[in-house]
Structures are given as structure tokens and as C-alpha cells.
Amino acid sequence: MRPKRKYYSIIDKVYRMTNLHEAWNAVKANKGSAGVDGETIQWFEAQLSQNLTEIQRLIREKRYRSEPVLRHYIEKDNGKERPLGIPTVRDRIVQQAVRQMIEPLFDREFYRHSYGFRKGHSQHQALDTVKRAKQSGYEYVVDLDIQSYFDTIPHDQLMEKIKTKIADGRVLDLIEMWLKAGVMEDDQLYDTTVGSPQGGVISPLIANVYLDEFDWKMNQQGFPVVRFADDAIVFCKTKTKAERAYKAAKGILEDHLKLTMHPEKTKVVHFDEGFRFLGFDFWKDYMVLPEERVRKYKDKIRILSRRQQGKSLEEMIRKLNEVIRGFANYFKIGNVKKKFTRLDEWIRMRVRSYMRKKRSMESNWRIPNKALTQAGLLSLVDLFTNRS
């Protein structure tokens, strides 16, 4: 095998002002809250030129030091909480500046069916790969779950993988600094000896770098994989081969990569039994919208369409449409028309009630669908029909 090319001089490109401005624009577009220093994106922007010049000077003089990330929790679909680490705005900019320089060097050799956090790749492409695998005769899958993946990546092994491409010691020092920066929670600082906190700008790249070996090794053994970050499916045509794939995955992940495959959640499944991947329930030849997603969607609609609020009808519909459009754009690729129809009826009922400020269904139904459309309300079914 031809040795991989290494890149030795990158740091000067990282702190180039054009690259820092591009990094700033990406961080600003992603929004996000302040880190441990309390500095917001708005405050940073108020003295943008001065702040970027200071970042450039600190990196060039080897005096840049990262801050700990701020621990924050968000609710997952199953009701549990996912920990996020929020870096400071300054650290996010420097991470983005490094990512912009090194990501293309890794990305060009990533496994082709790794879709997570890669330019030109998407969840829909990953889902389409699953559909095409089923059509091609793959009847079984290993539904893979890596336990607390981001929090358990071994630093030493990760850095060795990064060093296969990057030989610039100053860039390597920056990455290692972020890995070991620590986590601040309830005013208490905790060391980070393993893992890469979700929420860090560079964490998605790190996740793909570390698992790329898994993708290729499974594929070389005849077990095709589709992966989005730490969410992966292995395709097999027989149950016997699926059981072998399970053992192969366990060997690569646990023995070699020092990760943990969830013993209950990782399982061999036939398409007729069904499994969940990237928000859809795959069952036989169908992609079904899970009830948990429907409930979460309806909860958002209830909040936005509650009658006792100070918003005008136009403003309320504008907010509703943002949620409707986002939901439709993601789930319209599935077998969802019937559920979309029922949800549209329910949303119209809510909007009629808002318009009337009454609970009476009889009076509400006197407002025809045409009037709601003229008021600007979007329809999930219309967005589904026009999905091409």
C-alpha cells in the first residue's frame, strides 16, 4: 500500500487573516451561546478586527491557550439528556480555522459511505443508501450502537491517527490542547483524559478520523457499512453473515479502537423486524415516521399556536411555517403521506382556534382550508407532493 502523504507546514495557513475571517463567518452563522468566559458572538463582533488580530498574534507567538468547555445538556428523542461542551467564541474560531485547513486532507480518503458532518454529504444520502441496500438484496443488518462514543475516544490513539496526515507539531499541539482543556460544570473544573466533547467545532472531524479505520476494515472483510458520525448500520444478505459481521465489528471497535459496543442496543435485525436509523423506522420496504418524532413535532406546534399569546396571526403563522418546513424537508423522503395528512388537519384546527380565540370546534370549522392557505399557512402534504 502506498504510504499516506504527510503535511508539515500548516500553522501559518491557520492564522492567515483570510482564514480567520472565514472561520469567524462560520462560527457566527452557527450561532451558539457563550462559553466559560461569558463572551457572546455579539460582543466579539463589536471589536471584530481587534479580536481577530489578537488571536492571530497569540497563535503566531505560540501563546494561544484554550479555555475549558462549558457543560450543557440537551434532551434526546428518548427523553434522556445528551452532554454538550460549549467552547468560548475565541476557541470556536481557532478550532474552525484549524478544521478548514486539515479537514480536506483527511476527507478525500474517508470511506465513501461515511456521511456525517462532511461537505457534500447528508443524512438523506445515508438513508438512501439503506434503501438501496435493501433493494439490492441485503436482508439483515447489524444495528450498531457505540456507547458514549464522543466521551470515550482515547486521546493517544486518536492523536496517532491524526499524525498519519499531520506532521506540523504546532497544529498537533492545538488539537491535543483542546482535547485536554477540561470541562466546567456547576463552577467545578473536571479534567478530560479521554473523549472529545460534542459541541466543539473540531469534534465532528475527530469523530470521523477515529472511526474511518472501522469503516474500511469492515468493508475489506466483506461487510459494507453506512455511517453518520457514531450511528452505523452494517449490511448482510444472510443471518449467518450478519452474526459474523457482529463479531467483526466488536473486535475492531473494542479490541482495537478501545470503544464499547452497547450490548443491548447493538443487534442483528432482519428488515421485516425493523430498526431505527437517523430518525426513521425502517420496516420491510418502508421508511416510517416514529411516533416519538410526531409527539415532539406536535409539542412545538402547541407552544407556537397557543391562544393566549401576544403575537399577531401573521407572526404566529410565520413561526409555525419554520417548524412545518423543517419537519417536512427532513421526513418527506419517507412513507409519510397519511401521517402528514392527519398532522395538517390537526394544525389547521389549532390555527382556526387561534383565529377565533374560541374552543368551539363548530365555529372553528367554518373557516375553510382556503382561508388558511391564503393566510400563508404551509401544508406538510403540499411540501411532500412537491418534494422533487
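How are α8 and α9 oriented relative to each other? They are roughly antiparallel, because their axes cross at roughly 155° and an angle over 145 degrees counts as roughly antiparallel. Before going further, please keep in mind that this is a predicted model.

**The protein as a whole**

Let's step back for an overview. The secondary structure comes to 17 helices and eleven strands. Along its principal axes, the C-alpha trace spans about 70 × 60 × 40 Å. Of the 388 residues in the protein, 47% are buried. The accessible surface comes to about 20300 Å², and carbon and sulfur atoms account for 48% of that surface. Contacts across the sequence are worth a look too: among those between residues at least 6 apart, 72% join residues at least 24 apart.

| Pair | Residues | Axis separation | Angle | Crossing |
|---|---|---|---|---|
| α8 and α9 | 155–163 and 169–179 | within 11 Å | roughly 155° | right-handed |
| α12 and α14 | 291–304 and 337–356 | 11 Å | about 20° | right-handed |

In the α8 and α9 pair, His155, Leu158, Met159, Ile162 and Lys163 of α8 meet Leu172, Ile175, Glu176 and Leu179 of α9. By class, this contact has six nonpolar, one polar and two charged residues.

Now for the second pair. On the α12 side, the residues in contact are Glu291, Val294, Tyr297, Lys298, Ile301 and Arg302, and they meet Lys339, Leu343, Trp346, Ile347 and Arg350 in α14. This contact divides into six nonpolar, no polar and five charged residues.

**A closer look at Ala249**

Finally, let's visit a single residue. Ala249 sits in helix α11, which covers residues 239–256. Is Ala249 buried or exposed? Ala249 counts as buried because its relative accessibility is 0%, and the cut-off for buried is under 20%.

Which residues does Ala249 touch, leaving aside those up to four places away in sequence? Its partners are Leu144, Phe214, Met218 and Met261. One of them, Phe214, lies 35 residues from Ala249 along the chain, and the C-alpha atoms of the two are separated by 7.7 Å.

Notes: Residues numbered from 1 in each chain as written. Predicted model: local features only at pLDDT ≥ 70, side-chain atom pairs only at ≥ 80, totals over all residues. Heavy atoms only, no water. Axes fitted to C-alpha atoms, helices over the stretch in contact; angles between N-to-C directions. Helix = DSSP H or I, 4+ residues; strand = E, 2+ residues; numbered from the N terminus. Parallel < 35°, antiparallel > 145°, perpendicular 65-115°, else oblique. Left-handed = near helix turned anticlockwise from the far one by under 90°. Contact = heavy atoms within 4.5 Å. Nonpolar A, V, L, I, M, F, W, Y, C, P; charged D, E, K, R; others polar. Buried < 20%, exposed > 50% of the residue type's maximum accessible area, 1.4 Å probe, protein only. Areas by Shrake-Rupley, 256 points an atom, 1.4 Å probe, with all protein chains shown as cover.
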